[in-house]
Amino acid sequence: MFDKLIGNNQIKTIFQRLLSNQRLPNSLLLTGENGVGKKLFALELAKSFACRTPQNGEACDDCGACRRADKFNLPKVTDKNKDEFKRVFFSEHSDIGLVTAYKNNILIDAIRALEVESNFRPYESKARFFIIDNADKMNTEASNALLKTLEEPSLTSHIFLVTSRPNTLLPTIRSRCQTVRFAPIEADQIENHLLQTQKF
């Protein structure tokens, strides 16, 4: 599962241990520079719960649930479709949702929709997963709405906040999440990955 992601091997080990012990926190704050794979790691964690044939707690990446887990159909950001961003975008798997910004703001309606959705029981998997991408784009109202959800988390829902600017989040939000800090990916790791995956 994590072997296709490059770098941050210590974090891979931590996540593998949490999954094998079934002790994944309800809320995680994934921080680090842009481009280190924070959202990809979050999706892989979600996949591990959606997977129908997990191997050592990790996703097989081959079953129907795994293949649907990270397929999102996001609308373009235009002035005409602002209302589209007032909701949670679900992948082709009904238990994996994404909240993303409209222009430079995560809309409060999207966070309220997440609150509602997080209280539903899982449809197909053992838990529901919600990823807030670029969580630093929440304004004060949206942040306060999320705080309510983090204070009273559903036992069957997990919320992952992904950001490169954690210090812009409310201290009360940071205190209610376990923080995972991603290190920059070294140049030689990127080079090796490209050499292994590119067809010449």
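# A guided tour of the predicted model

The protein chain has seven helices and six strands; these are DSSP runs, with helices (H or I) of at least four residues and strands (E) of at least two, numbered from the N terminus. The model is predicted, so local features need pLDDT of at least 70 and side-chain atom pairs count only at pLDDT 80 or more, whereas totals for chains, interfaces and linings use all residues. Residues are numbered from 1 along each chain as its sequence is written, and side-chain values use heavy atoms, with hydrogens and water left out.

**The whole chain.** Begin with the chain in cartoon view. From the N terminus, the order of elements is α-β-α-α-β-β-α-β-α-β-α-β-α. Of its 200 residues, 47% count as buried, where buried means under 20% relative accessible area, exposed over 50%, and partly exposed in between (1.4 Å probe, protein chains only). Among contacts (heavy atoms within 4.5 Å) with a separation of 6 or more, 71% join residues 24 or more positions apart.

**Helix H2.** Select residues 38–50, which form helix H2. Its 13 residues reach 19 Å from the first C-alpha to the last, close to the expected 18 Å; the expected span is 1.5 Å times one less than the number of residues. H2 is mostly covered, with eleven of its 13 residues buried. Among them are Lys-38, Glu-44 and Lys-47, along with Phe-41 and Phe-49. To see what packs against the buried residues of H2, display H1, S1, helix H3 (64–69), S3, S4 and S5.

**The largest pocket.** A pocket is defined on a 1 Å grid over the protein atoms alone, as an open set of points with protein on both sides within 12 Å along at least five of seven lines; a cavity is a set of points where a 1.4 Å probe fits but cannot get out, and lining residues have an atom within 4 Å of a point. The largest pocket holds about 290 Å³ of space, a volume being the space filled by probe spheres set on the points, which are joined across faces, edges and corners. For its centre, select Leu-19, Gln-22, Arg-23, Phe-49 and Lys-126, the nearest of the 14 lining residues. The lining divides into six nonpolar, six polar and two charged residues; Ala, Val, Leu, Ile, Met, Phe, Trp, Tyr, Cys and Pro count as nonpolar, Asp, Glu, Lys and Arg as charged, and the others, Gly among them, as polar.

**The second largest pocket.** About 180 Å³ of space lies in this pocket. Of its 13 lining residues, Ile-11, Ile-14, Thr-179, Val-180 and Arg-181 are the closest to the centre. H1 and strand S6 (178–181) each give two or more residues to this lining, and H1 gives the most, with six. By class, the lining has seven nonpolar, five polar and one charged residues.

**Helix H5.** Now select residues 140–151. Helix H5 has twelve residues and reaches 16 Å from its first C-alpha to its last, close to the 16 Å expected. The buried residues of H5 are Ala-142, Ser-143, Ala-145, Leu-146, Leu-147, Thr-149 and Leu-150. An α-helix has 3.6 residues a turn, so residues three or four places apart point the same way. The cover over the buried residues of H5 includes strand S1 (27–31), helix H4 (108–118), strand S4 (128–132), strand S5 (157–163) and helix H6 (171–175).

**The loop between S4 and H5.** Step back to Asp-136, which lies in this loop. Asp-136 counts as buried because its relative accessibility is 12%. Its side chain makes a polar contact with that of Thr-163 (2.6 Å); such a contact is a pair of N or O atoms within 3.5 Å, where within protein one must be able to donate a hydrogen and the other to accept it, and residues adjacent in sequence count only if both atoms are side-chain atoms. Leaving aside residues up to four places away in sequence, Asp-136 touches Thr-163, Ser-164, Arg-165, Thr-168 and Leu-169. Asn-134 is also placed in the loop between S4 and H5, and has a positive phi of about 50° although it is not a glycine.

**The cavity.** Finish with Ser-118, Thr-149, Pro-153, Ser-154, Ser-157 and Ile-159, which line the largest cavity. About 30 Å³ of space lies within this cavity.
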